[in-house]
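The sequence and the structure are shown first, and the points follow.

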Amino acid sequence: MPPAPTPKTKPTEMETMAAERANPPFDVRRMTYAMGGGQRDVELKEKFMVDIERDPNFRLDDIHDLTKNQIRERTMAKFSSMTHYVMNERLDVFTKRMELVGIADPAFWTRFGVHYGLFLGAIRSGATSNQFSYWLEKGVLGLTGMIGCFAMTELAHGSNVAGLETLSTFDAEVDEFVIHTPSVSATKWWIGGAAQTATHSAVFARLIVKGVDYGTKTFIVPLRNPKTFALLPGIAIGDIGKKMGRDGIDNGWIQFTNVRIPRAYMLMKHTQVTREGVVQEPPLAQLTYGALLQGRTAMVADAANVSKKALVIALRYAAVRRQFKVGHKEVRFESQVLDYPIHQRRLLPLLSQAVAMGFTSLQMTKLFETMTAQLESFGADSDAEETREVLEKLKETHATSAGLKAFCTWNGLETIEKCRASCGGHGYSAYTGLSSMYNDQAVQATWEGDNTILSLQSGRSLIGSYEDAIKGIKLPLGTSYLNSLPAVLSYTCPSNAVAVQLETIDRAWACIAANVVKKAHDAYGVFLKQGKQKDEALEMCSQERFIAAKIHTTGYIFRQFREGLAELAKTEDPSNGVVATLELVCRLYGTWSLEENAQYFLKHKYYSPEQMDLISAEVTTLCAELRKCAVPLVDSFNFSDHIINSPLGVRSGDVYKVYFDRVRASNPHESVHPYFDRIIKPLLEREPLELDDAADMDLDDEISEIKQDREDAIADEAKKAAL
């Protein structure tokens, strides 16, 4: 059958984009609700996007050409408007607002979050009721009289909080703590807000009472006079300078020299120090894990959102970018880049991963809210069964959230870089937004717990879960696949016909996760039998722990996506195509992540080599199918052009004009060249070197003389040899 006639005039980029949106296989608005947490959350997000776009302090188009100090000043200028929302919005509404702000301006999100998430969070989670009321009266909530920072990290210690060196020694005579930096290595470092803007700090220091070291606790330490901003006695602060990204944060260093604070400035919800110097430690130290969950939940949501933002840019650009001609000779125009199968393979699996992480973050938010409610109602009067249940759930949630924070932030970073590379040369331009996104995202793999360390923590917990499972202890949801031991270890794919079905994939992840966790558990046991101490044995099997965390977390994300779909299917009208399309996305994530980890599924014989070939073929087929609705899918992510802030990702598709106009506006022609007179003119008009007197050296005559001398010497040697 001959190909359909092609139009004589090449479609414009805007016409091409309009064609991409024609007749999507699903209701785009319903899809937006499904991926955005429901109609209420979506409408809130849209309101917030308007607020941000109309706030002059949130101007974004010029951000790439500002200096570090200009960016910092603009960051602090945003505080006043955001503080208004803090004081006038419910916490859940404000949290949603900040989630969007984090996508628009990661540096401000971090700086504002240092005060409200870390400083206030430390007080909220670590203070007694009376202490919390005291700091509220001091203005911590409304930013009146104080701006906080969070001084945990030191030059020589980050992830190992127990190894921090800063000292807090109790002076019983005057009822004060003395905060002191004993060495350069104990200098507080990377402290966001310390360099220029913070008046107070939540300082992590070793509690020393009557010569006994009780480990690291948290103390509120004033740094500056709020009226003059002069440093207080004993406080030394400096700026750590230029960073890879997030220049809006004034990261600094702090040293304390015998700084005195009232005893009541130690946060005493968990550990108390009496006036007489009696230290009362908490009976259940694990309860402090709860404070970590909110940050990790937010970072999983952020990883999903930055991935989606990068994919909006890359997929919209790929839809309108044309390169080369493929197909019938009658094809008159260059092909859309998104029509190339290899480009679909580059981007669409990442889209499925971003959607999967988004559903996981929604489920994590529910889990966090439930966990928080349980912790707040938990107390000394709780019975043994409630205590056991809360601690088991908290332990499992802590381990799962550690793995999710690690692998989701890594996923986000990798997605941004792959999207940047997929945009070709234009991806290298700062104005297309992807390079700064990468630089801003990179730190997510380090702060709030280095990803490798968190992965090992997750792996350590999984070893403990496996030990519980073989003892017959019923495990909670995240590790419930271990409840099926030992049968789960020998699951196999029933047949080729069902190899790529969601149920089969779900069983595959359960089987392989159980096997790699077993391997980590068994390796740990071997080292214990060899006489190693527990910590040493754990380090000896660190690779096995890492793999266990990786496979467990990937399978967990798949299950959360699938469970989210099951919940959605209960209320969504099947005729609108939302669930059917998301099932394709879920299958793509499931099969692609299987393919990415094929060695484990082959090693443990869940799939045969032939079945793995079927899975790879299915990935390619699903990419081709989802390519047809790729643009409507990223439209469903629901980001305005202001939030995307990239010419390549504009909704209209008019990428080249918007890109050209942005570059020209940001780099106006200068009638007077900035360094022509100083550098270029002297280079062009320099006097040539005088080289025409070289003949005065009589070099040729000298060379002839040297030649003659050598020949004479050779002749003399020949005569001597003849004699």
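1. The sheet. Strands β4, β8 and β7 form an open sheet in that order, with antiparallel pairing. β4 (188-192) and β7 (235-239) each have a single partner strand and stand at the edges, so one side of each is left without a neighbour in the sheet. From one strand to the next, the twist averages 35°. It should be kept in mind throughout that this is a predicted model.

2. Pairing within the sheet. β7 is joined to β8 (residues 251-256) by five bridges, whereas three bridges join β4 to β8. Individual partners can be located on the display. G238 has W253 of β8 as its bridge partner, and I237 stands opposite I254 in β8. For the pairing of β4 with β8, the reader may look at I191, which stands opposite G252. As background, side chains in a regular strand alternate between the two faces of the sheet.

3. The chain as a whole. The secondary structure comes to 24 helices and eleven strands. The chain has 723 residues, of which 50% count as buried. Its C-alpha trace spans about 110 × 80 × 75 Å along the principal axes. A264 is placed in the loop between β9 (259-262) and β10 (272-273). With a relative accessible area of 47%, A264 is partly exposed.

4. Cysteines. How many disulfides does the structure hold? The number is zero. C493 is in no disulfide, and the nearest cysteine sulfur, that of C511, is 11 Å away. C493 counts as buried because its relative accessibility is 8%, under the 20% limit. C511 is likewise buried, at 0% relative accessibility.

5. Salt bridges. Side chains of opposite charge can pair when their charged atoms come close. A search of the whole structure finds 42 salt bridges. One of them joins K47 to D51, with the closest N and O atoms 3.1 Å apart. Both residues lie in helix α3 (residues 39-54), four residues apart, which is about one turn of the helix. K47 counts as partly exposed at 43% relative accessibility, and D51 counts as partly exposed at 23%.

6. Further salt bridges. R206 and D213 meet through their side chains at 2.7 Å, N to O. In this pair R206 is buried, with a relative accessible area of 17%, whereas D213 is partly exposed at 40%. D535 and R460 form another salt bridge, at 3.8 Å, N to O. This pair links distant parts of the chain, since D535 is in helix α15 (residues 534-540) and R460 is in helix α13 (residues 451-470), 75 residues apart. R460 is partly exposed, with a relative accessible area of 45%.

7. A nonpolar patch. Which residues make the nonpolar surface patch of about 240 Å²? They are M87, L136 and L141. M87 is found in helix α5 (residues 79-88), and at 47% relative accessibility M87 counts as partly exposed.

Terms used. Residues are numbered from 1 along each chain as its sequence is written. This is a predicted model: local features need pLDDT of at least 70, side-chain atom pairs count only at pLDDT 80 or more; totals for chains, interfaces and linings use all residues. Side-chain values use heavy atoms; hydrogens and water are left out. Patches are made of residues with over 30% relative accessible area and no salt bridge: like charges are joined within 9 Å, nonpolar side chains (Val, Leu, Ile, Met, Phe, Trp, Tyr) within 5 Å. Accessible areas come from the Shrake-Rupley method with a 1.4 Å probe; for residues, only the protein chains shown count as cover. A salt bridge is a side-chain nitrogen of Lys or Arg within 4 Å of a carboxyl oxygen of Asp or Glu. Helices (H or I, at least four residues) and strands (E, at least two) are DSSP runs, numbered from the N terminus. Buried means under 20% relative accessible area, exposed over 50%, partly exposed in between (1.4 Å probe, protein chains only). Two strands pair if DSSP finds at least two bridges between them. Axes are lines fitted to C-alpha atoms, for helices over the stretch in contact, and angles run from 0 to 180 degrees between N-to-C directions. A disulfide is a pair of cysteine sulfur atoms within 2.5 Å.
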